Protein chains: 2
Amino acid sequence: MIVSALATSVGINLGLTVLLCALYSVLRKQRGNLEVYAPRLVADGRARQPSQFNIENLLPSTGWVRRAWDPSEDDLLGASGLDGVVFMRIFIFSLRVFSVAAVVGIFILLPVNYLGDQLRDIDFSDIPNKSLDLFTISNVKDGSNRLWFHFSAAYLITVIVCYLLYSEYKYLSSKRIAHFIASKPLPHHFAILVRGIPLRDGSSISDTVESFFMEYHPSTYLCHTVVHQTSKLRRLITDSENLYRRLTDLKSSPRTPENHRNGGILGLFAKKKDLLGSYEKKLEDLEENVRVEQSDISVTKEEIPAAFVCFKSRYGAATALKIQQSDNPIEWVTEEAPEPNDVYWPFFSTSFMQRWISKLVVFVASIFLIIIFLLVAAFVQGLTYLEQLETWLPFLKDILKITVVSQIITGYLPSLILHVLSSYVPPIMKLFSTMQGYIATSQIEKSACDKMLWFVIWSIFFANVLTGSATSLLQIILDPKEIPVRLAVVVPAQASFFIAYVVTSWTSLSSELTRTMALICNLIGKHCSCKSDEDDEFQIPSISYHSEIPRILLFGLLGLTYFILAPLILPFILVFFCIGYIIYRNQLFNVYSPKYDTGGRFWPIVHNTTIFSLILMHLVAIGIFGLKKVPLASSLILPLPVLTLLFNEYCRKRFLPIFEAYSAETLIKKDRADQNDPTMGEFFDKLVTAYRDPIWMPIRHSPFSNEHNSPLLHSS
Amino acid sequence: MIVSALATSVGINLGLTVLLCALYSVLRKQRGNLEVYAPRLVADGRARQPSQFNIENLLPSTGWVRRAWDPSEDDLLGASGLDGVVFMRIFIFSLRVFSVAAVVGIFILLPVNYLGDQLRDIDFSDIPNKSLDLFTISNVKDGSNRLWFHFSAAYLITVIVCYLLYSEYKYLSSKRIAHFIASKPLPHHFAILVRGIPLRDGSSISDTVESFFMEYHPSTYLCHTVVHQTSKLRRLITDSENLYRRLTDLKSSPRTPENHRNGGILGLFAKKKDLLGSYEKKLEDLEENVRVEQSDISVTKEEIPAAFVCFKSRYGAATALKIQQSDNPIEWVTEEAPEPNDVYWPFFSTSFMQRWISKLVVFVASIFLIIIFLLVAAFVQGLTYLEQLETWLPFLKDILKITVVSQIITGYLPSLILHVLSSYVPPIMKLFSTMQGYIATSQIEKSACDKMLWFVIWSIFFANVLTGSATSLLQIILDPKEIPVRLAVVVPAQASFFIAYVVTSWTSLSSELTRTMALICNLIGKHCSCKSDEDDEFQIPSISYHSEIPRILLFGLLGLTYFILAPLILPFILVFFCIGYIIYRNQLFNVYSPKYDTGGRFWPIVHNTTIFSLILMHLVAIGIFGLKKVPLASSLILPLPVLTLLFNEYCRKRFLPIFEAYSAETLIKKDRADQNDPTMGEFFDKLVTAYRDPIWMPIRHSPFSNEHNSPLLHSS
């Protein structure tokens, strides 16, 4: 790639970004789009509906940027919970790191690279036609003493990143504890989930739980809720809901008779009446079935050996959680209870062995998915070479000769296919995590986030790095001592590609702002279906951390890896994080509402990924100094990864436990503060029914369902 | 090696073993040797001193075998604790495994191997001159269907070993819980060790601990003992003890004036009197210093931020242990308290960072030790090739021409050097573990046991396997996909060597019985020094599990690895375990007394090593079936290591937690049982001073030291 091509790309993408932002500012001001662009405000009733037509509403403005910038971190904490804060801290952390990195890179490394004469092209006049490679380390002469600048930069950036990681971890730890101390009493602080409850002859699981905890935790035990097998009931309810929807659609259609005007013969009306009658009969039957099923649950046959057990104090719950309860470690297994609305009810898989095997299966499946995606990506990238395609599919020869077709196929199709394919990956990863038997949405998303990280690192970073050269992936893995040298060969070769990738990502980031899919759905929904406004379909979306966090961390990885190789990438990454900071703040305040609160548990993932990026940078540095014939620098880099890993180990000991559990000190203080709170009695009353599967709620579709009471619940 | 050579070796070693056993039975009956062969009985006063000279005492007998065989496991539990039981279970487990393995190996695999004609030597007449290779898998024809016997045998033995491992783990788990339930109240069940106590201005550590636990554990906290810096005091006491010993030696020498008869002039006596006087003066000064130092401790300046905290119940202690106490995870770090007499006082290293760095240093040092030993071993084994020695040291040429010298150098010297060197390794490993900052002898020995295992596996198994062929060690490690094939080449090549090694080990096992070093020391002590019988030097030795367990597990590793390759090794291993079973039972009942009680925590090490051996066997099998051109069998073995690792993972979940902590169920039951025990008050009184460093005890050497009281102790 030459400089002018890069400049063009930057120009186009910057233009698109500005255009999208302007479009957003206009679209947002339209009456009908508030549900798309500010569903939170709509839900809170804070949205100002533009009262009348106004020419200002058609002009782009920048007010939204100020409104996204202004609020403090405490406002963000209030709006999106600690997870939102952690999410935004990724941007702040990255901005800090890459500000320093960009200054060092642009003002020190870039001139050094450019003034090197390895590529023998010293001519200051014609910069636009220079290859970007002139700005990379490749241009520094082999064995040159100037490489010590790069060496020092590697040490400097490692120290800075570690320092920032440390202070960020420290800051978020204290935030997490403060957030906990400031929280009102929440059910999941008082509850634990118990699994592997042993079946005793002649007594129900509920009785077994009760007698066990009355025996061993008499002073702190409060109540429990046994989990039930609900697949049949869930199926029935889904059926009845579908039927109800069809019924209301059918009922509401006479209100808009113009749709059927052409076929408006009497026969159709009669047929419709029949349909209505039969649907109502079916619905009634289904709901009767649901009620029978719901009341049938008082029979113990469908109890799952798992229960939510509530305690009278947070410390009591923590004690029961931490100490192995039974002599048999796979019975009475305790787990943290998630928030009641965070519980993922459908997949309450039962036995210890079952969960354990599914974990294994999912592990293997995830690896297979990554490998398959790598193969598909390699095949798709093969499309860019037309000759290859022609030999594979000779009948296409004539069509491919048309310039437009060939340009589309080589230039656009591969990236389209990859984008479409990779958009399917986050849901698949989430499905995998679901199968692993996690019992909370937050746990599922956290696990999916881990999987996505692996996916992103392998299928975007390594796949591009490795298919760029002819080196096979397997060869690198199976020959560990060659890793640094091979990385040093293949990673710099892809510098231009990744610079272009970063620049393109600005546009995709801005399209997050315009929410194209949601906008289209909204438009279709308004104009084609006859959904009424009071319909309960309107839901505030929640941000899917498991797909966003890995995407953002990838840019951190790129920035750190290419810091000493191609510092030209740094300003573009800096711009990416600036845009991202504003856009995501805006979205968190206006669009997304938190679905759960993990209390910032996504941060350790960010920390570990950054450490991984550092180590990767060191490995590449070791290789590149070796290739550049400065073996001394190559050996002197060696302590760096070791020290980084030690630093990571220290952080694991120092901060990670804070993200795993609260300390006795905090729990007891919080419990004592509650003792004088008069509302606690009410809270404990509510706690008894907090962990009740919403499936047991009476259904409300047919008019006669209200007369039935809610089913018996096994709680004491 | 040919069969007759093996037979000779078996004959010699069997003869030596029988001779040593006979020698033991005679020596044991001698009056003076009771302290060497039955120190436990002597200490208990149960030893029957032979009253008069008796000809029977000079005749070997087998009564000791019956006496070692007879006692039940409960007797063993009483005599040597659960660790002794676990130690003997290694033998029982191995005997079971290798009984089955030997039957399969000798009656199925051996005939199959011998009847194969790969080595083209079918001639049944001249067995003594046959190479041992005829009995190994090497003799089976490439691609022969007979190899499926070996394949089935691999599956069979894996299933049997896993089943036995499972039942053994289960048995010992229940033993461990039963042992705990049957135990009387013990201080370490009620105490925890707290480290990283934060320093607060103006208050001592003792006060900080008291206020912290009174604040957060008011209902269960009982008392605490702060640990003190004692290096200076320890040095003073060692000095004074040395001086006291020299003084008593000097004083007692006039009683045996015949030693000095030749130089018995007046001058010497006068000189001695002077010496006596000056020594006594010095001792007095030293003891005064000790007393000053001991009383000085009431000043807080030498407190270490670590304390033993005792609770009123076992469950209270477990709760405080399991829950992170402070918001800062590296403050108030809780650890299990060891038994009071198990505490290793001298090396109470202080800070979190310090311990952490020393762990790292020790890790690196251990690896270096193994590598250095490997290099030394390779050099020493080079001695067996005389030509090489001659080129290295040309001046030895003439000497080496003498047959005796060359035979000694090639045949005896290498193994002697290796034996001497490797006898130094267990103490070094123990020293390493000590440096890691463990605070209990049991923890140190457990960690040393792990290190020794690595050492034994690498420096005995792999070193011999790999130096046997020309393959370099590093090559194998750095080329993981080649591991099975390379192992399949090098492991079978060393079959004869390891068969000989097992046979030789019988003798070294029997020399454990005769305790040569202890016997010699005892003899020297009796005849040369003037030690009086009531001297407190007489100590019951304790078995050093960290050197014995790895040694024994090595034979399990050998047996499993060579099971399908060279089944001829199995009967010899079986004999090894039979001899070992009797000898170690005898030693545990008569010689060694337990120094600590870990409650069977050595078993997980045994379990993991056996799993490692199985995986190694599978890897070799994969390689050998590939080499033997039965690729189908090679691929069908693949599930075996995976399933074995899964089994191991299951055991880790199912049993390991039991060996790490007791369950709430057990702890609470035990606490409740104690509530009605009238002796508990007395026990709690004793608990207050249980964790007191013995260094604070008043010293007893000079007659006037009794008038001083014990120093102030910081316990409440």
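This note goes through the predicted model point by point, from the whole chain to single residues.

1. **Ground rules.** Residues are numbered from 1 along each chain as its sequence is written, while chains are lettered from A and ligands numbered from 1 in the order in which they are written. Because the model is predicted, local features need pLDDT of at least 70 and side-chain atom pairs count only at pLDDT 80 or more, whereas totals for chains, interfaces and linings use all residues.

2. **Overall make-up of chain A.** Chain A has 29 helices and 4 strands. These elements are DSSP runs numbered from the N terminus: helices are H or I with at least four residues, strands are E with at least two. Of the 716 residues in chain A, 37% are buried. A buried residue has 20 or more other C-beta atoms within 10 Å of its own; exposed means 12 or fewer, and partly exposed lies in between, with C-beta atoms placed from the backbone. Among contacts in chain A with a separation of 6 or more, 83% join residues 24 or more positions apart. A contact requires C-beta atoms, placed from the backbone, within 7 Å.

3. **Relation of the two chains.** Chain A superposes on chain B by a rotation of 180 degrees, with 0.0 Å of shift along the axis and an RMSD of 0.1 Å. That is the relation of a two-fold axis. The same surface serves both copies, as 100% of the contact residues of chain A recur in chain B.

4. **The interface.** How many residues of chain A are in contact with chain B? The count is 25, and they meet 25 residues of chain B. On the chain A side, H11 (314-322), H26 (639-654), H27 (656-660) and H28 (664-675) each supply at least two residues. H28(A) gives the largest share, 4 residues. By type, the chain A side divides into 13 nonpolar, 6 polar and 6 charged residues. Here Ala, Val, Leu, Ile, Met, Phe, Trp, Tyr, Cys and Pro count as nonpolar, Asp, Glu, Lys and Arg as charged, and the others, Gly among them, as polar.

5. **The sheet in chain A.** Four strands form an open sheet in the order E2-E3-E1-E4 (chain A), with antiparallel pairing. E2 (221-228) and E4 (333-336) of chain A are the edge strands; each has a single partner strand, so one side of each is left without a neighbour in the sheet. The twist averages 30 degrees from one strand to the next. E1 (residues 191-195) and E3 (residues 303-311) of chain A are joined by 5 bridges. Two strands pair if DSSP finds at least two bridges between them. Ala191(A) stands opposite Cys310(A) in E3(A).

6. **The strands in chain B.** E1(B) and E3(B) pair antiparallel over 5 bridges, and Ala191(B) has Cys310(B) as its bridge partner. E2(B) and E3(B) are joined by 6 bridges, again antiparallel. There, His228(B) partners Glu303(B). E3(B) is largely enclosed by the rest of the structure, because 8 of its 9 residues are buried.

7. **Helix H8.** In chain A, H8 (residues 205-216) lies across E1, E2 and E3, running at about 155 degrees to E2(A). Axes are lines fitted to C-alpha atoms, for helices over the stretch in contact, and angles run from 0 to 180 degrees between N-to-C directions. In chain B, Ile205(B), Val209(B), Glu210(B), Phe212(B), Phe213(B) and Tyr216(B) of H8(B) are buried. What do the buried residues of H8(B) pack against? They pack against H28 of chain A, together with E1 (191-195), E2 (221-228) and E3 (303-311) of chain B.

8. **Single residues worth a look.** Trp332(A), in the loop between H11 and E4 of chain A, has a positive phi of about 50 degrees although it is not a glycine. Trp332(A) is buried, with 25 other C-beta atoms within 10 Å. Lys629(A) also has a positive phi, near 60 degrees. Lys629(A) sits in the loop between H24 (603-627) and H25 (631-637) of chain A and is partly exposed, with 13 other C-beta atoms within 10 Å.

Notes: Least-squares fit on C-alpha atoms with pLDDT ≥ 70 in both. Contact = placed C-beta atoms within 7 Å.
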